[in-house]
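User: I would like to learn how to read charges and salt bridges in a protein model. Please take the general idea before each case.

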Amino acid sequence: MSNPDGFHKGRGAVSNRNGRYCAATVIPEEDAPRPDPATVFYRETAKSIITRNQSPDVPFDFSINPYRGCEHGCIYCFARPNHAYVDLSPGLDFETRIFCKDNAAERLEARFQQRGYQAAPVTLGTATDPYQPVETSRLITRRLLEVLLRYRHPFSLITKSSLVLRDLDLLEEAAGYGLVNVMISVTTLDNDLKTRLEPRTASGAARLRAVSALTARGIPVGVLMAPVIPWINDGEIESVVERSAEAGAESANFILLRLPLEVAPLFEEWLAVHYPERAQRVLNALRNSRGGKLYDARFGARMRGTGAMAELYGNRFRSACRRAGIQHGGSRELRSDQFSLPNKNRQLGLF
């Protein structure tokens, strides 16, 4: 079924524009039908599963992403340009052509068993969501959690999905050993905006219920408002922090909208369709916070921006956290001293 309004229901990207490595461009006729794209899943055999982080802007050194591409369809996702590496579009292809690393748990266990491996906290979901819809049947993230728990390895989760509650049993046990932090991304409490901005995600209310359910089981939870978008959701900073604290979050933090590579033109298309009357105001505010450009990739600036508006957002967020009685940024320190091979654990249990 085609959509005459310039976008596809349930999808974030308006187009399937080429990635930066594709030389040929196909321009459909204006009156040509635009069928709604179906989601296709591919099995990806991972050679390794832990990625080392080189950025000083993020509070983790190692990460795992069980999926490449994400059906959530968040138009702002900074991982979209990665699809260009496999000759797919960072637009609709990113949210409809999903690569599933089905052997992720086996790769992780093999890494843990390598001689000289030193445990350090690893974060799941730094690029794409580990609890996107296909995880319901694929169970890649759950199997990873089982390995992490079996080896007593510290880890964090970042998600905007209430599907994380499926794994309460594993997360509660991990919390008992001081091994886990969970970060729930709450971008907006406005469901109409959510439907346009990140169409296949849980509502803001559902995410806050997930915060409450995790907290009730003794699992430390923080909230991440990512991204803050000028003139789109920046008016919700105080309410997101307040509601998150009421739900039991220990901390809250934010990231200013990032528009690297192909994300910038995709976001501009999205603005033109959904918020044409304020599009230039949004883009001008971003340029004022990015040294006159839509994106500034410099370490120390890319997450927060610079200038008066970026400073205002930081002050508002700190004040909101102070009033709500929760920490601004940061999370509990995880324990790395309990890591051991399961066979060793079983042998020690004999004495």
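User: How many positive and negative side chains does the chain have?

Analyst: In this predicted model, Lys and Arg count as positive and Asp and Glu as negative, while His and the chain ends are not counted. The chain has 46 positive and 39 negative side chains. The centres of the two sets lie 5 Å apart, with each charge placed at NZ of Lys, CZ of Arg, CG of Asp or CD of Glu.

User: What should I know about the numbering and the limits of the model?

Analyst: Residues are numbered from 1 along each chain as its sequence is written. The model is predicted, local features need pLDDT of at least 70, side-chain atom pairs count only at pLDDT 80 or more, totals for chains, interfaces and linings use all residues, and side-chain values use heavy atoms, with hydrogens and water left out.

User: How many salt bridges are found in the whole structure?

Analyst: Side chains of opposite charge can pair when their charged atoms come close. A salt bridge is a side-chain nitrogen of Lys or Arg within 4 Å of a carboxyl oxygen of Asp or Glu. A search of the whole structure finds 21.

User: Which side chain does Glu95 meet in a salt bridge?

Analyst: Glu95 pairs with Arg80, at 2.7 Å from N to O. Glu95 is in helix α1 (residues 92-96) and Arg80 in the loop between β4 (67-68) and α1, 15 residues apart. Helices (H or I, at least four residues) and strands (E, at least two) are DSSP runs, numbered from the N terminus.

User: Are Glu95 and Arg80 buried or exposed?

Analyst: Buried means under 20% relative accessible area, exposed over 50%, and partly exposed in between (1.4 Å probe, protein chains only). Both Glu95 and Arg80 are buried.

User: Where does Arg138 lie, and where does its partner Asp102 lie?

Analyst: The side chains of Arg138 and Asp102 meet in a salt bridge of 3.0 Å, N to O. Arg138 lies in helix α3 (residues 135-138) and Asp102 in the loop between β5 (97-100) and α2 (104-112), so the pair ties together parts that are 36 residues apart in sequence. Arg138 is partly exposed, at 24% relative accessible area, whereas Asp102 counts as buried at 13%.

User: Which residues are linked with Glu135 in a network of salt bridges?

Analyst: The network links Glu135, Arg142, Glu146, Arg166, Asp167 and Asp169. Within it, Glu135 and Arg166 meet at 2.7 Å, N to O. Glu135 counts as buried at 0% relative accessibility, and Arg166 is partly exposed at 28%.
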